[in-house]
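Keep the viewer open as you read.

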Amino acid sequence: MRSLTCLLVLSMWCACLPLIGQDSLEVEKKWFVDGYVKDLVTLNLIRGFDSAWVENQIHHRLNFKWYPSSEFSAYVEIRNRIFWGDFAKNIPIYDQLVDLNNDVLDLSVVWVDEGSWVLHSMIDRAYVEWNHEDWEVRLGRQRINWGVALVWNPNDLFNAFSFFDFDYEERPGSDGIRIKKYTGFASSVELASNITDDIDELTSAFLWKINKGQYDFQFLVGKALEDLAFGAGWAGNIGDGGFKGEITYLHPYTSNQNHPVLLASLSGDYSFASSFYLHGAFFLNTEGSQNPNFAFLSQRLGRLNVRNLSPYIVSSLLQTSYSFSPLINGGIALIYYPGSNALFLNPSMTVSLKENLDLDLIGQFFFDTPNEDYKPVNKFLFFRLKWSY
Amino acid sequence: MLALLSVSEPLCGQNLSAVEIVTKADQKRRGETSYSQMKISIVRPNWSRDMEVKAWSLGTDYSLILIINPARDKGTTFLKRTKEIWNWIPSIDRNIKLPPSMMMQSWMGSDFTNDDLIKESSIIEDYTHRLLGDSVVLDRECYKIELIPKPDAPVVWGKIYNWIDKKDFMELQTELYDEDGYLVNRVIFSEIETLDGRLLPSKMEYIPVDKPGHKTVIKYQQVDYDIDIGENYFSLQNMKRVR
């Protein structure tokens with residue numbers, strides 16, 4: 001499998017080399033290539049700047065789209081990353097952390113893992129789509145995104161999302177099949193399943209969406225790994241503000257250690273004419289803990305599933321953003337965990353340097369009381385340059 | 001048929017009321033349904049940014065906008081059905097319902113609001129119209145019309161002046177005043193072309209008057225009127241499929 005993946009990745013690289021550097025690539029009108037190149041500098045301020053771990057990551061994403069007819073389309077997307085710095089040097093299993101995946105087909109390669117260097121490639125989308133009238137069928141590695149709320153998504157059974165992992169907005173794909181029939185302008189029925197030979201790894205569910213009274217509602221039932229899953233979600237407005245929510249109840253059907261759990265997310269947002277944006281959200285995890293260990297790091301580095309969206313019982317978020325000019329956007333997000341007083345502080349700023357070239361400055365500070373002493377236990381600074389093509 | 005219309009319009013135009021003139025100009029520019037491709041440039045004293053979009057519309061209630069440039073936002077779509085707005089982001093395979101308060105915000109950093117672009121408010125129904133007199137814009141004879149918002153109308157302006165070509169019913173200039181009567185934005189139309197058989201300005205400059213060197217320019221690259229799309233076209237399914 002590894003050699004097949006290598007071959008695939010290499011042939012994709014070669015196929016697109018003549019295309020790189022052009023804007024809005026369009027080859028014979030049926031092929032489209034786009035993506036981005038990012039350079040991300042991470043500073044982990046363990047005690048301060050003197051002892052900081054520094055990492056530089058060059059990240060290239062290539063998206064191929066092929067539209068042979070109006071009904072068929074095919075997509076392959078690949079992510080290549082070069083890590084260089086103290087993380088790779090000091091964490092012996094860093095290559096495994098980078099290569100975390102549990103897919104049926106192993107479509108990732110660690111090309112280099114030497115000293116401070118790791119070079120990693122991964123095909124995280126590879127699917128075909130068939131559209132016919134109201135039908136839409138997707139087969140292959142894809143993102144199945146059932147979330148409605150903006151930060152915590154208990155309805156998102158397939159590709160759970162971590163707010164802390166801001167640099168991977170596409171999320172890993174699931175190897176699966178999705179059959180969807182649209183029954184109205186904002187209503188549909190959908191059956192989705194990942195593909196696996198282990199029944200305990202299977203997530204398979206039915207989703208029903210309707211639009212009533214200017215609200216989008218959705219209901220789901222199925223199984224998610226070793227749980228039976230029942231859920232509902234909505235998106236609508238109160239006055240001019242957005243009002244969204246999701247609830248999922250998971251009931252284990254195996255004799256594992258898990259207990260039944262209720263996960264609920266509630267959010268409201270409002271956008272002022274000045275571009276000032278305000279967003280508040282709550283998340284409840286009845287199986288959460290008052291004081292989980294390594295909460296932040298496990299959320300940042302681990303692979304999430306719907307059960308561990310947040311390890312706390314209650315999580316609350318307040319987020320604001322503001323456009324200082326069309327080129328400069330700033331924002332701050334605060335996540336407070338009432339049971340433990342833990343706090344996550346996340347200031348960010350995006351500057352558009354040129355057309356398609358953006359600079360991001362991001363901080364992630366996690367405050368907790370590990371030894372009776374309230375202090376920032378994790379402090380990360382990120383500088384990111386992104387060129388989209 | 002079009003030739004006939006262009007002959008008969010100026011004749012009956014003499015007796016038209018202010019609301020009829022505004023309605024004719026609005027219908028001519030908008031069509032019952034339309035497809036357009038346009039370039040939007042945000043211009044500032046020291047920099048500018050361009051974007052290109054494709055847009056489909058049905059009346060004032062339904063619209064669908066696809067961003068084709070810049071590369072960062074390519075494939076992103078916005079759907080509006082009466083009071084509901086959705087945003088499709090292809091990279092995360094996600095549809096997000098947007099709060100109505102988003103309508104008053106600037107469209108992607110430009111000088112006009114989302115509402116200006118996808119028209120939640122109606123230039124016909126939300127205003128009372130009064131003919132002020134005659135004027136000349138771009139060497140063309142125009143009507144000057146005053147629009148005052150009706151009480152409770154969802155608009156931010158206190159007053160609008162509209163200059164409309166007497167012969168071809170083209171909007172050639174607009175001035176937008178705040179509730180205290182101060183001029184806030186001037187909209188200048190130019191580059192008159194035949195767009196899908198209709199004589200219309202193909203360029204629109206939206207100029208905030210208190211900010212020298214600031215403007216947003218819309219240049220229509222292609223327009224098709226009265227295309228065969230119905231209400232069903234404006235769906236979450238089509239948001240993902242338009243290219």
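Is A:N341 buried or exposed? A:N341 counts as exposed because it has 12 C-beta neighbours inside 10 Å. The cut-offs here are simple: a residue is buried with 20 or more other C-beta atoms within 10 Å of its own, exposed with 12 or fewer, and partly exposed in between, the C-beta atoms being placed from the backbone.

A word on ground rules before going further. This is a predicted model, where local features need pLDDT of at least 70, side-chain atom pairs count only at pLDDT 80 or more, and totals for chains, interfaces and linings use all residues. Residues are numbered from 1 along each chain as its sequence is written, while chains are lettered from A and ligands numbered from 1 in the order in which they are written.

Back to A:N341, which sits in the loop between β17 (328–337) and β18 (342–354) of chain A. Element names like these come from DSSP runs numbered from the N terminus, with helices (H or I) of at least four residues and strands (E) of at least two. The phi of A:N341 is near 70°, a positive value in a residue other than glycine. Most residues other than glycine have a negative phi, and most peptide bonds are trans.

Zooming out, chain A has 4 helices and 20 strands. Along the principal axes, the C-alpha atoms of chain A fill a box of roughly 60 × 55 × 50 Å. Buried residues make up 34% of chain A. Of the contacts in chain A between residues at least 6 apart in sequence, 51% join residues at least 24 apart, a contact being two residues whose C-beta atoms, placed from the backbone, lie within 7 Å.

Now bring in the partner. Chain B has 4 helices and 13 strands. The radius of gyration of chain B is 18 Å, close to the 18 Å that the globule rule gives for 243 residues, so chain B is as compact as a globular protein of that length. Its C-alpha trace spans about 55 × 45 × 35 Å along the principal axes, and buried residues make up 35% of the chain.

Where do the two chains meet? The contact involves 31 residues of chain A and 30 residues of chain B. On the chain A side, the elements giving two or more residues are β12 (227–238), β13 (241–252) and β14 (261–271), and β14(A) gives the most, with 3 residues. That side divides into 8 nonpolar, 13 polar and 10 charged residues.

Next, have a look inside. The largest nonpolar core has 51 residues, and those with the most contacts inside it are B:I21, B:V22, B:L79, B:W86, B:I145 and B:I164. A nonpolar core is a set of buried Ala, Val, Leu, Ile, Met, Phe, Trp, Tyr and Cys residues joined through C-beta atoms within 7 Å. Leaving aside neighbours within four places in sequence, B:L79 is in contact with B:L64, B:I85, B:W86, B:F234 and B:M239. Apart from that core lies another, of 33 residues, including A:A160 and A:F161.

In α2(B), B:A18, B:I21, B:V22, B:A25 and B:K28 are buried. Seen down the axis of α2(B), its buried residues fall within an arc of 130° (from the directions between the helix axis and the C-beta atoms), so they line one face of the helix. An α-helix has 3.6 residues a turn, so residues three or four places apart point the same way. The cover over the buried residues of α2(B) includes β7 (127–137) and β8 (140–149) of chain B. Just after α2(B), B:G31 takes a positive phi of about 70°.

One last stop is the cis peptide bond joining B:N69 and B:P70, with omega about 5°. B:P70 is placed in the loop between β3 (62–69) and β4 (77–81) of chain B.

Terms used
Ala, Val, Leu, Ile, Met, Phe, Trp, Tyr, Cys and Pro count as nonpolar, Asp, Glu, Lys and Arg as charged, and the others, Gly among them, as polar. The radius of gyration is taken over C-alpha atoms; the globule rule is 2.2 Å times the number of residues to the power 0.38.
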